[in-house]
Amino acid sequence: MADLVERLRKRWTREKFERQTRALLPGLYRAAYRLAGQPADAEDLVHDTYVKAFAAYDRADIRGEADCRAWLTRIMVNTYRDRYRRHQRSPEVQRSPEEAEVMSIEGAPLADPAARAEDSQFARAAKEAIDGLPEDLRIVVVLFFSQEMSYREIAEAVDCPVGTVMSRLYRGRRLLRERLQDHAPDGKVASKVDSNTKLKVVR
Amino acid sequence: MNCRDIEENTHAFLDGALSDMQAEAIRHHLGACAACRREVELARTLESAVRVVVAEDKPPENLWNRIAGNLADGHGSKRRIRGSVWTGVAAAIALLALATVQSFLAKPVAVVEVPVSEMRTFVESRRPLDVATTDPQQLLAWFDGKVDFRLPPPPSTVKPVRLVGGRLCYFLDRRVASYMYRHGDRYVSLYIFSESGLEIPERVSASLAQGVSASVHRREGFTHVVWVEEGFVYSLVADLSTEEIVDLARGMTAQFKESKHAGGSRMSVQVLG
């Protein structure tokens, strides 16, 4: 009987865990990809995050989807910090050949080849700009853009005060703008920016 | 509010993180200052585009199955039940479950659930097959080198389904061959993978042939028949009634046996490499 009860409890826990976390997979993967830099590493990072999260699930205090996302993201950021950044990432990230290829065909929905090429160029520039950010800025910028997380959620995920998140995001986004304004996806927008409006970057 | 204030508050303004009063003051300034308006507009355009670019990174279809397979293997929840209250509540749940959901007793669940989940993902994603062919030998040749075991030739027609192609899947930490069939406008998948290290459902619900018995399950709107032969798990997932899928599984088993006796089978438990 005890065995049966334990089995049922395990099954119930697992189903509840899957219900709560499965929908968060795409956002986590997007963030993992930008953090880890390679599809295979991103898969491993997300996989390890879920396995660790399930092991800690009984002890987690999760009240809603935002809580759950912040909790899973926190586990993922810690896993990434522990394992991946030590030997893998630097500001000059080497992208996998597959991604270089994918990037070259991005923007496929646009029919106009010129617009498509421009879009693809922007995609490459945007990814390079994110990858090239200093580590502490990159993590918050990645979480902000890939998971649409609030300042508070990011603060929970990276374990620092909301004010620090806001300041890092501010600096990260200014750097992105500086690096991307010449690649604006809509040429008209870029041409509107004259030399007098060049950004002063707060470092 | 001056241009410097706008520069410092652009992001908070775009994020809707300012108070109504602050946001109104910014809007007021933007109404009068073309330079700041361009700045804010540029930031908005660039950041929307960055979001679109980042959203293009999609997880591979089989990632969830890989994760779910490892959760099912028992990494994870380790808490033991303590105290009489917990035991009492759990026992009540257990009795309720016993009375209402017989399938809860089917242990273990991974081999039963993961293939269904994979099939559902495939159907819902409307992905194409990895290879489309009605020729069993061609399909067999396509799998050559892609899985680390020898496959039996797929039956080309087993009423009411016909072979249309195949897919290479990865779940339960192993490569899986999927023979894909059509039944009207619906897909039927026969997954074949190594039994090694897996627990197979004990509950036997149907006999497919002499010495071959299977368990039958209903999950997520699909019926699922699981049987083991010569070290391989056969997992047939379809949108069919229990009777229909058992008949189909019997038909397939018979054809596998036939081709084996005819000497045409390359099936072997020998694991390559």
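Which residues of H8(A) are buried?

1. In H8(A), these are A:Tyr151, A:Glu153, A:Ile154, A:Ala155, A:Ala157 and A:Val158 (buried means under 20% relative accessible area, exposed over 50%, partly exposed in between, with a 1.4 Å probe and protein chains only). Since six of the eight residues of this helix (residues 151-158) are buried, the helix is largely enclosed by the rest of the structure. Just past H8(A), A:Asp159 has a positive phi of about 60°.

2. Some housekeeping: this is a predicted model, where local features need pLDDT of at least 70 and side-chain atom pairs count only at pLDDT 80 or more, while totals for chains, interfaces and linings use all residues. Residues are numbered from 1 along each chain as its sequence is written, chains are lettered from A in the order in which they are written, and side-chain values use heavy atoms, with hydrogens and water left out.

3. For chain A, pLDDT (the predictor's confidence in each residue, from 0 to 100) averages 76, and 72% of the residues score at least 70. Residues 89-113 of chain A fall below 50, though this stretch has 42 contacts beyond near neighbours in sequence (contact means heavy atoms within 4.5 Å). Residues 187-203 of chain A are also below 50, with 29 such contacts.

4. Over in chain B, B:Thr133 sits in the loop between strand S1 (131-132) and helix H7 (136-143). B:Thr133 is buried, at 7% relative accessible area.

5. Of chain B's 273 residues, 47% count as buried.

Terms used
Helix = DSSP H or I, 4+ residues; strand = E, 2+ residues; numbered from the N terminus.
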